[in-house]
Amino acid sequence: MYETSYHRASSVEDAVKLRGEHEEGRYLAGGMTLIATMKQRLAAPTDLIDLRHIPDLAGISIDGRNVRIGAGTPHAEVAKSDELRAVCPALCNLAGMIGDPHVRHMGTIGGSIANNDPAADYPAAMLALGATIITDRRWIAADEFFVGLFETALEEGEMVTAVTFEAPEKAGYAKFANPASRYALTGVFVAKSADGVRVGVTGAGANGVFRHKGMEEALGVNWAPDSVAGADVDPKDMLSDMHASAAYRANLVKVMAKRAVIAAG
Amino acid sequence: MGVEGIGARVTRKEDKRFLTGKGRYTDDMTVPGMKYACFVRSPYAHAKIIGIDASAARQMPGVIDVLDGKQLQADGIGNLICGWMIHSKDGSPMKMGAWRPLAVDTVRYVGDAVAIVVADSYLEARDAAEAVSVEYEEMPAVTEAIAAMADGAPQLHPEAPGNLIFDWELGDGVAADQAIASAVHVTEIEIHNNRLSPNPMEPRATLGIYDAAEDHYTCYTTSQNPHVARLVMSAFYNVAPENKLRVIAPDVGGGFGSKIYIYPEEIVCLWASKKTGVPVKWTSDRTEAFLTDAHGRDHVSKVKMAFDSDHRITGLKVDTIANLGAYMSLFSSAVPTYLYATLLSGQYAIPAIHANVRTVYTNTVPVDAYRGAGRPEATYLLERTIETAARELGVSPAELRRKNFIRSFPYQTPVIMNYDAGDYETSVAAAMEAADWAGFSARRADAESRGKKRGIGMSCYIEACGIAPSAAVGSLGAGVGLWESAEVRVNAVGTIEVLTGSHSHGQGHETTFAQLVAERLGVSIDSVNIVHGDTDKVQMGMGTYGSRSGAVGMSAVVKALDKVEAKAKKIAAHMMEADESDIVIENGELKVAGTDKTVPWFQVALAAYTAHNLPGGMEPGLKETAFYDPANFTFPAGCYIAEVEVDPETGKTDIVQFVAADDFGNIINPLIVEGQVHGGLAQGIGQALLEEVRYDPESGQLLTASYMDYAMPRADDLPSFKLSHQNTPCPSNPLGIKGCGEAGAIGSPPALINAITDAIGNNSLTMPATPMKVWQALQSVH
Ligand SMILES: Cc1cc2nc3c(=O)[nH]c(=O)nc-3n(C[C@H](O)[C@H](O)[C@H](O)COP(=O)(O)OP(=O)(O)OC[C@H]3O[C@@H](n4cnc5c(N)ncnc54)[C@H](O)[C@@H]3O)c2cc1C
């Protein structure tokens with residue numbers, strides 16, 4: 001790790017101000033990605049603005065079927081939240097599948113979606129839930145937020161403060177873990193609500209997380225595990241790397257979609 | 001056996017220290033004035049070094065010096081060597097290319113060391129290492145053995161045209177060809193043994209200390225064999241003569257073979273300490289470990305196995321190409337030859353065997369022994385082949401094996417080994433019973449109804465531990481003897497120190513060696529201390545690898561104990577005015593048999609040291625040394641059965657049952673032996689399902705340089721193991737023990753691949769059988 005300066009922000013405004021003062025600075029949440037990258041000398045921010053002590057970023061609040069999760073909420077808290085489980089158990093289950101206990105107690109939902117790793121779990125859920133990403137300056141629909149591999153709609157210095165969504169009637173997540181990293185080799189989140197069905201796919205897309213419209217339509221017509229079997233998943237749209245070929249990922253997308261529907265019930 | 005003697009399940013004495021974080025590892029060592037090293041490493045797989053400019057790095061904060069290979073060479077430090085000479089079948093010696101501790105003209109793998117930076121802190125050293133400007137001229141690279149042998153392939157060493165190190169054979173080629181020509185059935189198969197990274201929990205580290213006043217060096221290092229390290233560094237690298245070099249391997253957190261070898265870093269840190277006048281410490285990080293620790297396996301073989309009409313194996317022919325990486329590591333030449341081809345008879349009576357082995361250079365990190373070293377490669381090859389044959393012949397794999405078992409001992413194989421004892425039938429029967437082999441078809445049908453494909457696979461392994469005797473290995477090319485030493489030092493108060501030349505880095509010597517003493521003398525294991533890992537304390541020894549500590553190391557302790565006991569009996573007889581031949585040692589006392597006369601052990605020890613009343617002419621003291629050179633290898637063997645369920649939609653394999661029935665001969669501590677088997681199985685299952693080192697074939701970059709990409713087995717990848725133990729005591733050593741450290745890693749991969757191929761009905765599957773590969777194999781069945 002290169003030398004860096006540490007700042008502890010006390011509020012959202014404080015953090016944004018500090019970030020504005022340091023062009024080469026970075027927000028630090030759980031550090032599960034950022035610190036590791038710095039240790040490998042692949043990132044060298046001059047300043048770290050620690051968000052973990054900002055009260056406004058913490059916690060889950062639920063109002064009817066309206067869910068709001070603060071950006072600083074660690075995965076473990078999402079996984080074990082009874083209130084959230086009552087309205088959207090699929091998201092609790094997803095959070096419980098991320099990494100290992102250490103990672104789940106440090107890593108945050110804000111850090112995960114801001115990072116937009118193409119194999120991260122949360123982005124699939126955000127898309128499928130039609131979530132809105134709340135930042136220090138605006139509200140961004142998930143559909144607009146995830147732009148590409150490790151790329152989001154966030155502007156320089158813009159900070160995620162929370163995500164919000166309306167709990168769907170039914171939702172399910174199925175993940176096939178990369179045997180080495182245990183990130184998603186393919187993960188599919190399905191959600192059914194009055195507005196229709198949305199399907200978010202992570203780990204598989206050549207351009208990162210995406211929605212599968214064909215499956216959405218098929219499940220919209222008939223919400224059943226086998227409905228996805230006929231959907232067209234083109235290997236040309238899939239990521240291919242040393243862990244999995246595009247053809248294998250295309251297969252996993254269908255299998256995980258089916259299992260996500262089964263999980264959703 | 002007594003509560004703490006041989007056969008007792010005592011918990012490990014050393015665990016308190018390890019489990020409470022109180023172990024003392026090389027990186028924990030600090031000495032006054034100590035500085036930190038970072039190596040400048042090649043980012044290219046193959047390149048010429050045009051120039052090294054360290055002027056900017058030297059100006060950086062905290063930097064003491066930057067040293068390169070030209071300076072090292074000018075100071076007369078020698079090249080790294082391979083200590084086992086192999087001759088090609090045309091009689092020519094193996095072609096060893098120069099391996100300089102710091103590269104001078106050419107770098108040959110990503111991670112090859114080019115220079116060392118010494119600075120006040122590690123971070124300063126690392127910053128400065130990045131500032132060392134090395135001008136390279138990149139050259140084409142080759143990472144796979146077969147590609148390296150092709151015409152026009154990039155050439156690594158001028159000494160080795162065609163990258164060929166040796167072309168060696170063992171056995172009778174004519175007889176094997178005849179057997180194949182006249183066979184009723186021939187099974188042919190191509191076998192790939194995947195390349196592995198050893199991944200000990202503690203990465204390598206070293207601390208080099210030069211004392212100018214005494215002109216003396218001390219080397220702390222993560223070594224499995226500190227005496228061999230000292231010998232090699234003195235005799236070949238000209239670091240210092242042995243009396244001027246102390247090597248200490250303190251607590252070492254796992255080795256699996258990778259810490260046998262002498263690496264550039266130890267040599268360079270010692271030399272750098274003299275050059276800079278400060279002690280120099282280097283600790284590898286995990287990425288460096290992936291890049292520079294010697295890898296294991298990496299074989300490609302073609303196999304033909306011949307059968308007669310009665311399904312007896314009449315011949316075996318094997319053609320193997322082994323990738324040895326960019327340089328020949330210390331024992332790299334022995335692994336694919338005498339540790340491999342000599343095991344190709346397996347548990348079977350095969351009248352004619354021939355193996356041809358070609359080893360080649362590639363632009364990858366050197367390959368050497370890794371848990372099992374050659375025997376996993378032999379076992380995987382044989383056990384995949386015989387299982388395939390059973391499928392082709394339409395007979396039960398168990399029956400085909402049984403029909404061909406060696407059943408009387410000693411048995412001379414056509415490939416050097418003389419098996420001294422074994423009972424393969426008993427292990428197979430135990431394993432099949434434990435696995436409920438007979439009930440498999442019902443379980444398969446049940447799995448089918450749940451949409452799963454269930455398969456069962458067997459592997460009957462034999463391996464050879466405690467490489468020996470020294471004269472025999474010497475005649476095969478070994479540069480060292482493979483005996484072991486022990487000193488048993490009884491203190492005046494009766495407590496005991498055992499100094500062993502073997503080395504514990506996870507095996508539990510401090511407990512098992514003490515149990516042996518407890519068994520013999522009837523004292524508690526708490527009164528026995530095991531000393532190892534320091535060339536200034538312990539007499540010359542050969543270290544720990546090849547599951548030799550018990551069979552060879554403890555046998556040396558037995559010999560030393562024999563001498564101690566003989567002297568103690570003389571003293572006791574004198575004290576009790578009895579005949580020496582009437583004295584027995586029991587429960588910490590020396591007794592005159594058949595009487596109530598006794599003298600406690602500690603009083604005999606005290607008498608030996610006060611020397612007030614010793615038998616006439618006897619020297620004072622109670623301390624004896626012994627060297628033990630075994631008469632033969634030992635031959636652990638067993639039968640493993642894996643049962644798996646494959647999810648046809650994803651290709652994911654679940655191990656639903658794993659049975660291991662092992663014959664390790666006599667057992668000192670079942671708890672430790674089971675732990676060794678568990679660990680070995682985890683590594684074997686890792687090889688079969690998860691692990692593979694991969695290089696980019698074009699650029700030679702290591703693609704699996706972290707745990708994000710290299711899949712290590714985790715607890716939830718493993719089932720609960722069903723273990724059992726059969727015992728044919730080893731007749732070749734006084735304790736009747738065979739060795740258990742590697743069996744799990746040797747026997748398990750073929751059992752698993754046999755099970756998975758049985759489940760999916762497609763025999764072409766290579767390790768690691770990742771979900772994707774299994775899924776692909778299933779697609780080609782449909
Ligand atoms: C061993 C291991 C296993 C893992 N396994 C998985 C897995 O299976 N699935 C999975 O999805 N993830 C996995 N992760 C990633 C983990 O879940 C974290 O979510 C992820 O590292 C990012 O969250 P963080 O809070 O640690 O962010 P940090 O590492 O602190 O930050 C990541 C990036 O986001 C930025 N950032 C952080 N917070 C904000 C914010 N509020 N606004 C704007 N930018 C912000 C930072 O500046 C940085 O660029 C794993 C990580 C590890 C180390």
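Two strands are said to pair if DSSP finds at least two bridges between them. In this predicted model, strand E6 (residues 132-135) and strand E10 (residues 160-166) of chain A are joined by four bridges and run antiparallel. Within this pairing, A:Ile133 stands opposite A:Val163 in E10(A).

These two strands belong to an open sheet of five strands in chain A, whose order is E4-E5-E10-E6-E7 and whose pairing is antiparallel. Strand E4 (60-63) and strand E7 (139-141) of chain A stand at the edges; each has a single partner strand, so one side of each is left without a neighbour in the sheet. From one strand to the next, the twist averages 20°.

B:Cys38 is in no disulfide, since the nearest cysteine sulfur, that of B:Cys269, is 11 Å away. For B:Cys219, which is also in no disulfide, the nearest cysteine sulfur is that of B:Cys269, at 8.3 Å. B:Cys38 counts as buried at 8% relative accessibility, and B:Cys219 is buried with a relative accessible area of 0%.

Charged side chains come next. Side chains of opposite charge can pair when their charged atoms come close.

B:Arg41 lies in strand E1 (residues 35-41) of chain B and B:Glu288 in helix H9 (residues 286-292) of chain B, so the pair ties together parts that are 247 residues apart in sequence. Both B:Arg41 and B:Glu288 are buried.

A further salt bridge is formed by the side chains of B:Glu383 and B:Arg401, at 2.7 Å from N to O. Because B:Glu383 lies in helix H10 (residues 375-393) of chain B and B:Arg401 in helix H11 (residues 397-404) of chain B, this pair ties together parts 18 residues apart in sequence. B:Glu383 counts as buried at 1% relative accessibility, and B:Arg401 counts as buried at 0%.

B:Arg443 and B:Glu643 also form a salt bridge, their closest N and O atoms being 2.7 Å apart. This pair links distant parts of the chain, 200 residues apart: B:Arg443 is in helix H13 (residues 440-449) of chain B and B:Glu643 in strand E26 (residues 637-646) of chain B. B:Arg443 is buried, with a relative accessible area of 18%, and B:Glu643 counts as buried at 0%. Both residues belong to a network of salt bridges that also links B:Asp436, B:Asp446, B:Arg450, B:Arg454 and B:Glu645.

Terms used: Residues are numbered from 1 along each chain as its sequence is written. Chains are lettered from A and ligands numbered from 1 in the order in which they are written. This is a predicted model: local features need pLDDT of at least 70, side-chain atom pairs count only at pLDDT 80 or more; totals for chains, interfaces and linings use all residues. Side-chain values use heavy atoms; hydrogens and water are left out. Axes are lines fitted to C-alpha atoms, for helices over the stretch in contact, and angles run from 0 to 180 degrees between N-to-C directions. A disulfide is a pair of cysteine sulfur atoms within 2.5 Å. Buried means under 20% relative accessible area, exposed over 50%, partly exposed in between (1.4 Å probe, protein chains only). A salt bridge is a side-chain nitrogen of Lys or Arg within 4 Å of a carboxyl oxygen of Asp or Glu.
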